[in-house]
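Trainee: I have a model open and would like to learn how to read it. Please take me through it, feature by feature.

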Amino acid sequence: MAHWTGAIKFSDDEVWYFQMNGVTDTAIPQLYKSFEECEINWRQGKWIECTCNRAEPVAITVAPLKGWWEGTACRFCKALVTGLSNESPGTIDTYHNELPSWSPFQ
Ligand SMILES: [Zn+2]
């Protein structure tokens, strides 16, 4: 799979970025605060986990998909916690088949 970048939006409209594992179509959990930082660290993302239990609800989209889904992410651990795949059980039911207005991938 090609170079896929994803974005998440917190409830205060802050948008952060992550990378997709193109083989499994699953998000690599490490989050970046800017698209540039995400690009610079291409393929360097770590499989990090939230260890502080302060994850918040986020909306998630990925560049080539014209849709978004729901998940949770932690700003303190800079980790995507749930919603790593839009096709996983518990996530697929939250899929919205429309490009969100906040998406940086317009
Ligand atoms: Zn955390």
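Trainee: What should I know about the model itself before going on?

Mentor: It is a predicted model: local features need pLDDT of at least 70, side-chain atom pairs count only at pLDDT 80 or more, and totals for chains, interfaces and linings use all residues. Residues are numbered from 1 along each chain as its sequence is written.

Trainee: Where is arginine 43 found?

Mentor: Arginine 43 is in the loop between helix 1 (35-40) and strand 4. Helices (H or I, at least four residues) and strands (E, at least two) are DSSP runs, numbered from the N terminus.

Trainee: How do I read a phi value in that loop?

Mentor: Most residues other than glycine have a negative phi. Arginine 43 is not a glycine, yet its phi is positive, about 65 degrees. Asparagine 53 also has a positive phi, near 60 degrees. Asparagine 53 lies in the loop between helix 1 and strand 4. Asparagine 53 is exposed, because 9 other C-beta atoms are within 10 Å.

Trainee: How many helices and strands does the protein have, and in what order do the elements run?

Mentor: There are 1 helix and 6 strands. From the N terminus on, the order is β-β-β-α-β-β-β.

Trainee: Which way do strand 2 and strand 3 run, parallel or antiparallel?

Mentor: Count bridges before calling a pair. Two strands pair if DSSP finds at least two bridges between them. Strand 2 and strand 3 run antiparallel, joined by 4 bridges. Asparagine 21 stands opposite threonine 26 in strand 3. The two strands form a hairpin with 4 residues between them. In that turn, aspartate 25 has a positive phi of about 55 degrees.

Trainee: How many bridges do strand 4 and strand 5 have?

Mentor: Strand 4 and strand 5 pair over 5 bridges, in the antiparallel sense. Alanine 59 stands opposite glutamate 70 in strand 5. This hairpin has 6 residues between its strands.

Trainee: What joins strand 5 to strand 6?

Mentor: 3 bridges do, and the strands run antiparallel. Cysteine 74 faces alanine 79 in strand 6. Threonine 72 has threonine 82 of strand 6 as its bridge partner. The hairpin of strand 5 and strand 6 has 4 residues between the strands, and lysine 78 takes a positive phi near 50 degrees.

Trainee: How do I find the core?

Mentor: In soluble globular proteins, nonpolar side chains tend to be buried together. A nonpolar core is a set of buried Ala, Val, Leu, Ile, Met, Phe, Trp, Tyr and Cys residues joined through C-beta atoms within 7 Å. The largest here has 21 residues. Ile8, Phe18, Leu31, Ala73 and Leu80 have the most contacts inside it. Strand 1 (5-9), strand 2 (15-21), strand 3, strand 4 (56-62), strand 5 (69-74) and strand 6 (79-82) each supply at least two residues of this core.

Trainee: Why does leucine 31 count as buried, and what does it touch?

Mentor: Leucine 31 is buried because it has 25 C-beta neighbours inside 10 Å. Leucine 31 sits in strand 3 (residues 26-32). Contact means that two C-beta atoms, placed from the backbone, lie within 7 Å. Not counting residues up to four places away in sequence, leucine 31 touches Trp16, Tyr17, Phe18, Ala73, Lys78, Ala79 and Leu80. With the same exclusion, the contacts of phenylalanine 18 include Ile8, Leu31, Cys38 and Leu80.

Trainee: Which category does serine 88 fall into?

Mentor: Serine 88 counts as partly exposed because it has 13 C-beta neighbours inside 10 Å. Serine 88 is in the segment after strand 6. Serine 88 and threonine 26 are 62 residues apart in sequence and 9.4 Å apart in space, C-alpha to C-alpha.

Trainee: And the overall shape?

Mentor: Compare the radius of gyration, taken over C-alpha atoms, with the globule rule of 2.2 Å times the number of residues to the power 0.38. For 106 residues, a compact globule would be near 13 Å, and the protein has 12 Å, which agrees. Of the 106 residues, 27% count as buried.

Definitions and conventions:
A residue is buried if 20 or more other C-beta atoms lie within 10 Å of its own, exposed if 12 or fewer, and partly exposed in between; C-beta atoms are placed from the backbone.
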